[in-house]
Amino acid sequence: MARTQSVCGARTKHGGRCRRLAMVGASRCNLHRGDWATYTIERDRERARRRRKR
């Protein structure tokens, strides 16, 4: 079975590319994802929706 999950590719401290697998639904691994990542933004929006419903 072929792997379809993408590789992170972020720049490392040493100038190379990160070779870790990206998180599902994201373009970066868990070390390089940051708060700007699509899934992080979606998670924050969902939290805000839950807070508004209370």
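Reader: Is Cys29 buried or exposed?

Author: This is a predicted model, so everything here is computed from it. Cys29 is buried, with a relative accessibility of 0%.

Reader: And Cys18, buried or exposed?

Author: Cys18 is buried as well, at 7% relative accessibility.

Reader: Where does Cys18 sit relative to helix H1?

Author: Cys18 lies in the segment before helix H1, and that helix runs over 38-53.

Reader: What does Cys18 touch, apart from its neighbours within four places in sequence?

Author: Cys18 is in contact with Val7, Cys8, Gly9, Ala10, Thr12, Cys29 and His32.

Reader: Cysteines in that list. How many disulfides does the structure hold?

Author: The structure holds zero disulfides. Cys18 takes part in no disulfide, and its nearest cysteine sulfur belongs to Cys29, 3.9 Å away.

Reader: One more on Cys18. How far is its C-alpha atom from that of Arg28?

Author: The C-alpha atoms of Cys18 and Arg28 are 9.0 Å apart, and the two residues are ten apart along the chain.

Reader: Let's change topic. How many helices and strands does the chain have?

Author: There is one helix, and there are zero strands.

Reader: What share of the residues is buried?

Author: Of the 54 residues in the chain, 17% are buried.

Reader: And the surface, what does it come to?

Author: The accessible surface of the chain is about 4900 Å². Carbon and sulfur atoms account for 49% of that surface.

Reader: What about contacts between residues 24 or more positions apart?

Author: They make up 2% of the contacts in the chain that have a separation of 6 or more.

Reader: Salt bridges next. How many are there?

Author: The count is three salt bridges.

Reader: Start with Asp44. What is its partner?

Author: Asp44 pairs with Arg47 through their side chains, with an N to O distance of 4.0 Å. The two residues are three apart in helix H1, so about one helical turn separates them.

Reader: How accessible is Asp44? And Arg47?

Author: Asp44 has a relative accessible area of 34%, so it is partly exposed. Arg47 is also partly exposed, at 40% relative accessibility.

Reader: Which residue does Arg49 bridge to?

Author: Arg49 bridges to Glu46, and their closest N and O atoms are 2.9 Å apart. Arg49 and Glu46 are three residues apart in helix H1, which again means about one helical turn between them.

Reader: How accessible are those two, Arg49 and Glu46?

Author: Arg49 is partly exposed at 38%, and Glu46 is partly exposed at 31%.

Reader: What about Arg50, which residue does its side chain meet?

Author: The side chain of Arg50 meets that of Glu46 in a salt bridge, at 3.7 Å from N to O. Here the spacing in helix H1 is four residues, so Arg50 and Glu46 are about one helical turn apart. Arg50 is partly exposed, its relative accessible area being 49%.

Methods. Residues are numbered from 1 along each chain as its sequence is written. This is a predicted model: local features need pLDDT of at least 70, side-chain atom pairs count only at pLDDT 80 or more; totals for chains, interfaces and linings use all residues. Side-chain values use heavy atoms; hydrogens and water are left out. Buried means under 20% relative accessible area, exposed over 50%, partly exposed in between (1.4 Å probe, protein chains only). Contact means heavy atoms within 4.5 Å. Accessible areas come from the Shrake-Rupley method with a 1.4 Å probe; for residues, only the protein chains shown count as cover. A disulfide is a pair of cysteine sulfur atoms within 2.5 Å.
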